Structures are given as C-alpha cells and as structure tokens.
Amino acid sequence: MNKVVTLALLFLCSSFSFAQSEQLTIRAGLLIDGTGATSENVTIKVEDGIIQSIDNGAGPYDFDFSDKTVLPGLIDTHVHITAHFNSQGRYEPDPGQTPAQTLLYAAENAYVTLMAGFTTIQSVGRADDKDLRDAINRGILPGPHILTSLAPVNVNSGPPQRLREIVQQHHEDGADVIKMFASASIRDGGHQVMSDDQIEAVCVTANELGLRTVVHAYGTESIATVIEAGCTQIEHGNRYSDDIIELMSETGTYYDPHLGLLYANYFDNRGKFIGIGNYTEEGYAAMEEARSIGYETFKRTLELGKVKIVYGTDALAGAHGRNIEELIYRVTEGGQGIMEAIVSATSLAAESLRMDTEIGSVASGYNADIIAIDGNPLQDVTALRNVRFVMKDGSVHKNN
Ligand SMILES: [Zn+2]
C-alpha cells in the first residue's frame, strides 16, 4: 500500500469519533493542568470544542480515564514540518520532487506529531507550511494547530531596509511569526553572521506589526544583540555567559534550547545526512561538542536565573512524532524538574505564542486540546511516551 492510501485510511479510521458540538465528559484519575497544579478524580466537561468545567461530577463518563493521567495537548514551538527523508532515505528532495509530494510528506509529519500528543506546533519554516496550516484549519485533515514563520530571513535576505519590507510582506502573507538566522549553523561555527543593524531592523519592524520573532542564535555576542534588539525568543543558544542568563531573566526573552533529540536524531541517522551541505565530518564533530556544551549551559541557566525556558525540539526528518523525547532528555540529562518541563511544553509555551488564554491549560474556557497517557509522568517522565488519547478542539483523533 502506498503512503498516500495509508494516510487516507488512517484519517478515515482515526478522526472525529465525536463531533465538536456534542457535550462530552472525560474522567481523569490524575489531571496535570499545565500550570503546575494537579488534581485527582475530576470530571472535565467539553462542549463545542471548549472546556466548560472541571468538577467532581459523577459518571457515566464518555471517556473514563480513572487509571490514566490527563494533560493539556502538548506544544512544540520549533519544528520543521515539511522536513523529511526522500525515497532513498536521504535528507534531500528526490530529483523532480513536486510541491504536492513535499506537502504530503508534511501531512504525514503533522499526523504523527498529533498522534504523539502535540496539538500545537510552530513551524520555522517554509512558505508551503501555510498551505498545510490552512488545510488542517479547514477541519478534515488531522494535524496539530500550526503556526508558521513562512520562509526564514537570514544574512543574505538584504540590507536593513529590504529586511523591513520582507517582514512587512510576511505579515501580509499570513506569517504567524518571523524566523531569523542571526548566527551561523553550529556546523559552521555558530558565530554571528547578521549585522546588528539587520537584526534590529527585523525585530523592531516585527514588534511594530505585532509579530513575534524567534531567532537562531549561538553564543554570548549574538544573543546579547538579539535581546537588545527586542526579539522575542532565542533558539538553540547553546553557549553563553552568566550575564546572558541575567539579561534573559530581566527582559523575559523566551529561551528554547535543544539539548538531546536534535543531536540524537542526527547521530542515529548519520548516514542519511552525511555528505549533504554542511553535514560533513567537521560539522558532525561540531555537533558532538555542542551537545555537551548545551547541557552544561542548560544546567547553569536553571541554577542561576529565572529564564522563561519554553519547549521546542527543532524536529526535522526522523524526529517528527518523537517530539516528547526532548522533554525526557531535559529531565534525565539536563536536570530540569518534571513539572517544570511539562509547564514549559504547555502553559509557558502557550504564553510564548501569545495564546495563553486559549491553549496550554486544562481549565474552563480553554480549547479542548486534551491528551491522556498511561502511567504517572511525575513519577516516571517516560510515561509521556504512552499517549492513548488525543482530543483537539473537542474532536477525538486517537482513542486506544
Ligand atoms: Zn530549526
């Protein structure tokens, strides 16, 4: 069976067990609400895709998860939803690959991401993310809520005046966020490549338009420039001084580190990347070094500051649907508290997207984006791999 047919069957089998307008009840043995609080043996009422109430209401329940843990749908603030391996298993398009083929790979990625319990993602990004976002929003194709930067801006996008025009154009074209590469890839050293004036032009213009900015930046110099320019969120970070931790704590700049999944995925799939672009032996050596520096920096950040650390994975080919692994690395290798890590992937991630009155919490008035898992992740964080139930906007997409 080819992939398209398989995907179509999956859609038919898995979606819309219940229509949005029905009133539904979900019983939670343990509720982790996304804000850091828990409660036991509660009933969540959902109507018209919105959570109406949470109380001790008696059964019968439409979904009895008395033996499970219920959480808000998870949020990943940094993915590349179109990224995939080609028919030969390599990280590049097939010769003559059509835009339709690319989008079908993206639809598969969106599907496995939703099945893993991620009901909102931010893709940073390509112009055709928008077509997938809009298709999912039509309500038939299953996938997470998608926010997209469209194409990123980088040092070659032009001088400051041209960058202002590009940000304006992205705004008009329906971008949810602006993605900028202030520094080089870590495989090329990670140093600052955009001028201070270019960085400022992008973030000041975006702020004027009410658009957020997420900025690829490594190292003290780049990150200081990005924060001073008023950008919203730092991606990767990886290596910086204690002063940067203090600065991020003061300004409330969001920080999205990538500690484990990104590197594990590159190392596990080495043969699929090596020899393409900057995926060289030197590039891989730089990533090996960055992995250990990243953990040191992350532990220092937890210890010294009050930084708003949000959840993102940089998921690309090979990592879609495994988005939760980064959270497990953070806790087991990075030393972050389990509840803190869960909050970063729910209410704090929602705040970073300026959607904190809609998603990221199980509370009345919020979108009915709800998952249920086997086990208690506060006792064993790997329980988050066991997603049995996924509801998005009140529609059930998975119920095993
Ligand atoms: Zn990325």
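This is a predicted model: local features need pLDDT of at least 70, side-chain atom pairs count only at pLDDT 80 or more; totals for chains, interfaces and linings use all residues.
Reader: In which sense do E1 and E4 pair?

Author: Two strands pair if DSSP finds at least two bridges between them. E1 and E4 (residues 63-72) have five, in the parallel sense.

Reader: And in which sense do E1 and E2 pair?

Author: Antiparallel, with E2 spanning residues 38-47 and eight bridges in the pairing. Look at Leu30: Glu40 of E2 stands opposite. Five residues lie between the strands of this hairpin, and Gly34 takes a positive phi near 100°.

Reader: How many residues of E1 are buried?

Author: Buried means 20 or more other C-beta atoms within 10 Å of the residue's own; exposed means 12 or fewer, partly exposed in between, with C-beta atoms placed from the backbone. E1 (residues 24-32) has seven of its nine residues buried.

Reader: In what order do the five strands of the open sheet run?

Author: Read E8-E9-E10-E11-E12, with parallel pairing. E8 (177-181) and E12 (308-309) are the edge strands, each pairing on one side only. Inside the order, E9 (residues 212-218) runs parallel to E10 (residues 233-237) over five bridges. His216 faces Glu235 of E10 there.

Reader: At roughly what angle do the axes of H2 and H3 cross?

Author: Axes are lines fitted to C-alpha atoms, for helices over the stretch in contact; angles run from 0 to 180 degrees between N-to-C directions. H2 (residues 99-115) and H3 (residues 129-137) cross at roughly 55°, their axes coming within 10 Å. H2 is therefore oblique to H3 (under 35 degrees is roughly parallel, over 145 roughly antiparallel, 65 to 115 roughly perpendicular, the rest oblique). H2 contributes Leu103, Ala106, Ala107 and Ala110 to the contact, and H3 gives Asp131, Leu132 and Ile136. Contact means C-beta atoms, placed from the backbone, within 7 Å.

Reader: Which residues are buried in H11?

Author: Glu325, Glu326, Leu327, Ile328, Tyr329, Arg330 and Val331. That is seven of the eight residues in H11 (residues 325-332). They pack against H8 (261-268) and H12 (338-344).

Technical notes: Residues are numbered from 1 along each chain as its sequence is written. Helices (H or I, at least four residues) and strands (E, at least two) are DSSP runs, numbered from the N terminus. Two residues are in contact if their C-beta atoms, placed from the backbone, lie within 7 Å.
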